[in-house]
Amino acid sequence: MSLESVRQHLALIAPDLEVVEAQTSTATVALAAAAHGVEPGRIAKTLGLKVGDQQLLLVARGDARLDNRKLKATFGGKAKLLDAATVEGLTGHPVGGVCPFGLATPLPVYCDVSIQAFDEVLPAAGATHSMVRLTPERLAALTEARWVDVCELSDQRS
């Protein structure tokens, strides 16, 4: 039902966007990049986080890592990744298919500035074999996301 909730949501807010289903799993960044013939950074991974009592979604480029110092400075506390069951319960999407569209529970969405390096990114679409292609700016607009800088790329680590 998760894939269907994303299709229904996109039909209402962005009927021009097409959900693309792969023949193979796209449940990890590496699998998704291979299935769609793009570099891993273009895969827009959606992470469920908890900071204090707040639960939120963060969309970041696939090859980025969370920077704990930046997370704490941005959100005012230590961020913890939500477990798979909690993420699925909140979003309605299985891990590997989590996206900021068609959510079971309204959640604040944040987009890391790292995805702005690309003209097009591919977030999951509610299933472990589905994605949608769109610009980072449109992704943020459709999800009413706030832009944050909370990730680092592997070449930024010392």
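Let's start with the rings: this structure holds one aromatic pair, where rings of Phe, Tyr and Trp (its six-membered ring) pair if their centres lie within 6.5 Å, and planes under 30 degrees apart count as stacked, over 60 as edge-to-face and the rest as tilted. The partners are Phe75 and Tyr110, with ring centres 4.9 Å apart and planes at 85°, so this is an edge-to-face pair. It ties together distant parts of the chain, since Phe75 sits in helix α3 and Tyr110 in strand β6, 35 residues apart. Both Phe75 and Tyr110 are buried, and buried here means under 20% relative accessible area, with exposed over 50% and partly exposed in between (1.4 Å probe, protein chains only).

A quick word on ground rules. This is a predicted model, in which local features need pLDDT of at least 70 and side-chain atom pairs count only at pLDDT 80 or more, while totals for chains, interfaces and linings use all residues. Residues are numbered from 1 along each chain as its sequence is written, and side-chain values use heavy atoms, with hydrogens and water left out.

Now zoom out. The chain has five helices and ten strands; these are DSSP runs numbered from the N terminus, with helices being H or I of at least four residues and strands E of at least two. Its radius of gyration is 14 Å, close to the 15 Å that the globule rule gives for 158 residues, so the chain is as compact as a globular protein of that length. That radius is taken over C-alpha atoms, and the rule is 2.2 Å times the number of residues to the power 0.38. Along the principal axes, the C-alpha trace spans about 35 × 35 × 25 Å. Of the 158 residues, 49% count as buried. As for contacts (heavy atoms within 4.5 Å), residues 24 or more positions apart account for 64% of those with a separation of 6 or more. The chain exposes about 7700 Å², and carbon and sulfur atoms supply 50% of that area, computed by the Shrake-Rupley method with a 1.4 Å probe; for residues, only the protein chains shown count as cover.

Next, the strands. Two of them pair if DSSP finds at least two bridges between them. Strand β2 (residues 43–51) and β3 run antiparallel and are joined by eight bridges. Along that pairing, Thr46 has Val59 as its bridge partner in β3, and Gly48 has Leu57. The two strands form a hairpin with two residues between them, and Gly52 in the turn has a positive phi of about 65°.

Strand β5 (residues 79–81) is antiparallel to β2, with three bridges, and Val51 stands opposite Ala79. Seven of the nine residues of β2 are buried, so the strand is largely enclosed by the rest of the structure.

β3 (residues 54–61) is mostly covered as well, with six of its eight residues buried. It runs parallel to strand β6 (residues 109–112), with three bridges, and Leu57 is partnered there by Val109.

Lys70 counts as buried, at 19% relative accessibility, whereas Lys72 is exposed at 53%. Leaving aside neighbours within four places in sequence, Lys70 is in contact with Asp149, Val150 and Cys151; on the same terms, Lys72 touches Gly77 and Lys78. Lys72 and Val51 are 21 residues apart in sequence and 8.6 Å apart in space, C-alpha to C-alpha.

What about cysteines? A search of the whole structure finds zero disulfides, a disulfide being a pair of cysteine sulfur atoms within 2.5 Å. For Cys111, the closest cysteine sulfur is in Cys151, 11 Å away and too far for a bond. Cys111 is buried at 0% relative accessible area, and Cys151 counts as buried at 6%.

One last stop is the backbone at Glu144. Most residues other than glycine have a negative phi. Glu144 has a positive phi of about 55° although it is not a glycine. This residue lies in the loop between α5 (136–143) and β9 (146–148), and at 73% relative accessibility Glu144 counts as exposed.
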